[in-house]
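Have a look at the picture and the sequence before reading on.

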Amino acid sequence: MDRKIRKELEERDRRNQAAGDASISFYTATVDAPPHPHTVLGIAAGHERATPMEAVLSMQRRASEIGADGVLGASIMAVGTHPYRFIAYGTAVQWAQTE
């Protein structure tokens, strides 16, 4: 990877961590098939937000509040008319305990 791009990505990650960005440590996938066994907790839907990324963060916070380890089948929907607002939603899951 180009050194400049790597530095920009590392800087973005530092800023996100400092801002409390949950997406750094929270599993979110657009696919329905999880990487390992899980229990479905329900639908996690965030609040309407101005940008798609803010909508995803809102969804992740909601999933975390109900005890989820991740969200599968995540989707983003635009609502309203221009300027659009966005809502993210998906299936909140909790990973099965491994022995």
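Which residue in strand 3 does Tyr27 stand opposite? That would be Gly70.

## Before we go on

This is a predicted model, where local features need pLDDT of at least 70, side-chain atom pairs count only at pLDDT 80 or more, and totals for chains, interfaces and linings use all residues. Residues are numbered from 1 along each chain as its sequence is written, and side-chain values use heavy atoms, with hydrogens and water left out.

Four strands make an open sheet with mixed pairing, in the order 1-3-4-2. Strands here are DSSP runs of E, at least two residues, numbered from the N terminus, and two of them pair if DSSP finds at least two bridges between them.

Strand 1 runs parallel to strand 3 (residues 70-79), with 2 bridges. Strand 3 and strand 4 are antiparallel and share 8 bridges; one of the pairs is Ala78 with Phe86 in strand 4.

## The hairpin

Between strand 3 and strand 4 the hairpin has 5 residues, and Gly80 takes a positive phi near 80 degrees there.
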